[in-house]
Amino acid sequence: MKILVYIESTNNKIHPVSLESLVAAQKISESNGAEVHAVIFNTNLIDALSNYKLDGLITPDNEELIYYHPLLYLEAFNQINLKYKPNLFIFGHTYETRDWVPRLSAKLDIPFISDCVDIKYSDKITVNRPIYQAKLAQKLSITSEQAIISFQAGSFSADDINRGVCNSNSESFDLSSVVDTINMGERFQESSGGVDLSSAEFIVSVGRGIGKEENIPIAENLADKINAQIGSSRPVVDAGWLDHSRQIGSSGQVVSPKLYFALGISGAIQHLVGMKGSKQIIAISKDKNAPIFEIADYAVVGDLLEIIPKLTDNL
Amino acid sequence: MKICVLMKQVASEDSPLSISNNIIDKASLNLVTNEPDSYALEEALLIKEKTNGEVTICTLGPESSQQVIKDGLAKGADKAIHIICDNTETMSSLDIAKIITKKIQNENFDLIFSGLQSNDYGFAQLGIIISELLDYSNACLVMGTEINENKLKIKKELENGWFQWSELKLPASLSIQSGINQPRYATLKGIMSVKNKPVDKIDFSELGLSLNAGYTIDEISIPQKSKQTQMIEGEVDDIVSQLTDILKNKIKVS
């Protein structure tokens with residue numbers, strides 16, 4: 001078996017979930033002796049991988065691959081596939097992966113099982129992935145000769161990478177056939193003067209369960225009382241009830257406070273990824289099946305509009 | 001501008017979920033339009049209004065999915081395609097994309113819109129796979145669109161608060177990020193107009209595709225808890241005093 005792991009980079013740094021994916025590949029290799037190869041398109045970062053245990057590191061000669069472009073990446077991977085024929089392609093389940101890897105699935109006509117959280121090998125590869133907003137999980141066995149999978153952030157720990165020797169193979173891709181229908185512009189940040197929640201000791205975080213914008217002060221009063229910062233889930237930001245700079249999750253900030261007090265947050269995976277490292281989690285929700293309760297230390301099934309004002313007065 | 005919006009019927013966020021023999025009991029689900037798809041539809045309707053365009057809803061699913069079509073037509077879509085299929089949950093995203101592509105490939109849509117991901121299986125792939133099958137340009141997590149003549153500018157959301165404007169040649173397939181707009185409600189006039197709007201219904205088996213997911217579903221389960229959770233129960237005052245104790249004495253907030 002041959003496994004190929006893609007190492008993504010942004011702003012000249014390796015994406016942490018790529019290293020976690022490498023751990024997954026090495027884990028499979030330990031149980032079935034699979035060859036593990038990695039691909040990195042940003043050649044500035046080759047040295048950072050040089051002491052990981054790999055059967056090969058594929059690096060391109062082509063400078064245009066340093067910056068992400070879906071169609072160039074697709075063609076480069078098409079050529080990698082022709083030469084290496086990996087049985088399993090592994091990606092981190094990042095925004096970039098979502099943008100082009102489904103195209104790769106179509107181009108190679110092989111399945112792409114996205115957003116996995118675990119992988120095992122006995123006589124075949126099986127993966128686990130959350131479904132129904134993480135209220136359920138499914139276990140799938142791969143039956144095709146080749147497949148693509150992607151891992152959610154935090155599925156493995158990058159600390160578990162096996163170190164060893166790695167030879168890099170420089171490849172020259174012929175990208176002249178790519179018809180350029182996509183012109184990628186400059187990247188920019190919007191509210192740069194935003195709030196840094198990553199160093200907050202306590203966070204009171206607001207979800208859609210707060211009901212309406214007029215109820216936001218209920219959360220703010222509690223936050224004031226316990227010297228906490230206000231955070232939020234995506235729907236609250238989308239509705240315009242709180243500023244984008246308050247958003248926690250895969251498209252917002254990643255936090256690990258001493259206390260994460262979740263008010264009316266159901267706990268979609270995209271949110272949990274941003275706060276599951278919190279030391280203590282208190283969650284209030286009316287929905288007893290809310291996934292946030294799965295990771296909470298203290299769970300209250302109840303009406304936050306009744307409980308929180310009284311709690312604030314009582315503190 | 002001809003726009004196709006891919007929409008799906010899914011279980012609502014608070015729907016009961018029960019499993020037996022690794023199958024989800026579909027009869028007990030509360031079914032609604034997949035929320036991210038509402039943003040895709042709204043964006044299509046906004047472009048339709050600016051460009052004098054036409055919006056077609058396309059859904060793949062059982063008979064019950066006609067509710068998604070009715071709601072979308074009531075909001076202002078012009079027509080719909082309903083590919084009837086009862087067992088989409090065992091199909092790969094690639095298989096589903098092949099079915100839809102086979103049906104829509106001769107429609108010459110300028111734009112195909114899809115929601116960010118479905119709230120049931122959540123593969124987040126469909127619109128992007130179709131872009132490859134139809135040789136369209138593509139982008140995902142789109143947070144803004146600008147169309148001038150045949151030029152399409154889109155604002156993409158990247159990770160950690162970064163964004164990027166890009167230019168795409170048409171035709172293009174975009175997956176729309178939730179929150180890009182405020183989806184409208186149907187008007188009474190819109191609801192009345194539904195019965196006069198055409199719905200092209202076809203059973204997926206008539207498309208003559210041989211499909212193979214490339215994987216099998218071995219198990220569906222309720223995830224195991226990784227943490228000990230203390231349930232705080234009782235009357236409101238009871239809950240308040242327990243929470244006060246935890247905050248003051250265990251977490252030691254100031």
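These legends go with a set of close-up views of a predicted model.

**View 1. The parallel sheet of chain A.** Seven strands of chain A line up here as an open sheet with parallel pairing, in the order β7-β11-β6-β1-β4-β5-β12. Look to the edges for β7 (112–116) and β12 (168–171) of chain A: each has a single partner strand, so one side of each is left without a neighbour in the sheet. From one strand to the next, the twist averages 25°. Zooming in on one pair, β4 (residues 35–40) and β5 (residues 56–60) of chain A run parallel and share three bridges. Within this pair, A:A38 sits opposite A:L57 of β5(A).

**View 2. Helices packed on that sheet.** Helix α2(A) lies against the sheet and touches β1 (2–7), β4, β5, β6 (88–92) and β12 of chain A, with its direction at about 160° to that of β1(A). Helix α3(A) packs on the sheet too, and here the strands touched are β1, β6, β7 and β11 (147–151) of chain A. The direction of α3(A) makes about 165° with that of β6(A).

**View 3. Where α2 and α3 of chain A cross.** The axes of α2 (residues 70–84) and α3 (residues 95–108) of chain A come within 10 Å of each other and cross at roughly 45°. That angle is why α2(A) counts as oblique to α3(A). As for handedness, α2(A) goes past α3(A) in a right-handed crossing. On the α2(A) side, the contact takes in A:P70, A:L71, A:Y73, A:L74, A:E75, A:F77, A:N78 and A:N81. Facing them from α3(A) are A:E96, A:D99, A:W100, A:R103, A:L104, A:K107 and A:L108. Sorted by class, the contact of α2(A) with α3(A) has eight nonpolar, two polar and five charged residues.

**View 4. Helix α3 of chain A meets helix α4 of chain B.** Now we move to a contact between the chains, with α3(A) and α4(B) packing at about 50° and their axes 8 Å apart. The two helices are therefore oblique to each other, and their crossing is right-handed. Chain A brings A:R98, A:D99, A:P102, A:R103, A:S105, A:A106 and A:K107 from α3(A), while α4(B) supplies B:I128, B:I129, B:S131, B:E132 and B:L133.

**View 5. A closer look at α4 of chain B.** Six of the eight residues of α4 (residues 126–133) of chain B are buried, so the helix is largely enclosed by the rest of the structure. The buried ones are B:G127, B:I128, B:I129, B:I130, B:S131 and B:E132. After α4(B) comes B:D135, which has a positive phi, near 60°. For context, 53% of the 254 residues of chain B count as buried.

Notes. Residues are numbered from 1 along each chain as its sequence is written. Chains are lettered from A and ligands numbered from 1 in the order in which they are written. This is a predicted model: local features need pLDDT of at least 70, side-chain atom pairs count only at pLDDT 80 or more; totals for chains, interfaces and linings use all residues. Side-chain values use heavy atoms; hydrogens and water are left out. Axes are lines fitted to C-alpha atoms, for helices over the stretch in contact, and angles run from 0 to 180 degrees between N-to-C directions. Helices (H or I, at least four residues) and strands (E, at least two) are DSSP runs, numbered from the N terminus. Angles under 35 degrees count as roughly parallel, over 145 as roughly antiparallel, 65 to 115 as roughly perpendicular and the rest as oblique. A crossing is left-handed if the near helix is turned anticlockwise from the far one by less than a right angle, and right-handed if clockwise. Contact means heavy atoms within 4.5 Å. Ala, Val, Leu, Ile, Met, Phe, Trp, Tyr, Cys and Pro count as nonpolar, Asp, Glu, Lys and Arg as charged, and the others, Gly among them, as polar. Buried means under 20% relative accessible area, exposed over 50%, partly exposed in between (1.4 Å probe, protein chains only). Two strands pair if DSSP finds at least two bridges between them.
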